[in-house]
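Hello,

Here is the structure you asked to look through. My notes follow below it.

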Amino acid sequence: MQTIEKPVDLRASTRQACLPVSVIIPVRNEERNLARCLEALHGAGEVYVIDSGSTDETPEIARSFGAKVAQFHYHGGWPKKRQWAMDTLPLAYDWILLLDADEVLTPDLAEEIRQAIQDPGRDGYYIALRMHFLGRTLLRGNTSFYKLSLFRRGKARFERRLQHQDTSMCDMEVHDHVVVNGPTAKLRHPLVHHNMNSLSRYILKHDEYSNWEVRVWMEGEDSSRDLPPSLFGTQAQRRRWLKRKFLPLPGSPMLFFFYKYVLRLGFLDGAPGLIYCCFQSIQLFHIKAKLYELERSSDEGCAHNDLRK
């Protein structure tokens, strides 16, 4: 069951909707990040924080900034958190901005959004992420990427790459992308992405992500009907094409580290760059190891059935 709480807006007297958008922020135990995110949204038309039973001060922080808090309880299946919010919430504005709690809207980006949403010829905008990791902005190592985070209400939806999903795969669309039915463009100014609270939590989150990636791999290309792998498609489609070609190669996690850390100059970002490139490669190794585990279990099951015959 999902519930939406009425906000107690402690800043209602000073907030002005100079940025007429509905902001949706999915959260769970984000007390370290949320205040920084919400502080940058003081001019937004409305802000919904979609919580999943946080056990820290996340809901209280959201209310203190005048955000509307909705509780989402995931039991597997579809929709997940952000699609549910887009389908269910009584949004007041024609444009939706999707943010994570560890992302921060800059004044330059806010002004660019305000101007962009006045263009009747666009239904969505890609926004770049500027990665901030372990106290340093990562400028190299192929860390930047674009997300379709801003779009007209009713013109967009999340692709559904897995037909059957369970609670081991996170309650939020992680690597499912927004698909817009209409023309799109890129904005020039990026979001600031503070990528982690702690290394322990980073590792736990990416373990969930690897479970999901393994299921996508096992279901094959048909799970990406909206954005199929393509060398000449969007950034997301190119990454999927490269992963399909690259992952089966022997030693692919080590090759991936060499690509990011050496060829893409990740070593110039110091110790944070080294740690980030290592973690990215380790996640690829986790995916390969879990695929091997599933294939081995499947082979053992087949052999056992043959013996019984």
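**Charges over rings**

Lys186 lies over the face of Tyr146, 4.4 Å from the ring centre. Arg244 does likewise with Trp217, at 4.1 Å from the ring centre. The rule asks for NZ of Lys or CZ of Arg within 6 Å of the ring centre and within 35 degrees of the ring normal.

**What you are looking at**

This is a predicted model, where local features need pLDDT of at least 70, side-chain atom pairs count only at pLDDT 80 or more, and totals for chains, interfaces and linings use all residues. Residues are numbered from 1 along each chain as its sequence is written, and side-chain values use heavy atoms, without hydrogens and water.

The protein has eight helices and 13 strands. These are DSSP runs numbered from the N terminus: helices are H or I with at least four residues, strands are E with at least two. Of the 309 residues, 45% are buried. Buried means under 20% relative accessible area, exposed over 50%, and partly exposed in between, with a 1.4 Å probe and protein chains only.

**Aromatic pairs**

Rings of Phe, Tyr and Trp (its six-membered ring) pair if their centres lie within 6.5 Å; planes under 30 degrees apart are stacked, over 60 edge-to-face, the rest tilted. The count comes to nine aromatic pairs. One of them, Tyr202 with Phe279, is stacked: 5.3 Å centre to centre, 25 degrees between the planes. Tyr202 lies in helix α5 (199–219) and Phe279 in helix α8 (270–308), so the pair ties together parts 77 residues apart in sequence. Tyr202 is buried, at 3% relative accessible area. Phe279 is buried too, at 18%.

Tyr261 and Phe267 pair edge-to-face, because their centres are 6.2 Å apart and their planes at 70 degrees. Phe267 is partly exposed, at 38% relative accessibility. Ring pairs also link Phe133, Tyr202, Tyr276 and Phe279 into a cluster.

**Asn142**

Asn142 sits in the loop between β8 (136–137) and β9 (145–152). Its relative accessible area is 27%, so Asn142 is partly exposed. Leaving aside neighbours within four places in sequence, Asn142 contacts Arg239, Tyr259, Lys260 and Arg264. Contact means heavy atoms within 4.5 Å. Cys277 is 135 residues from Asn142 along the chain, yet their C-alpha atoms are separated by 9.5 Å.

**Helix α7**

Leu263 lies in helix α7 (residues 252–263). Leu263 counts as exposed, at 53% relative accessibility.

Best wishes
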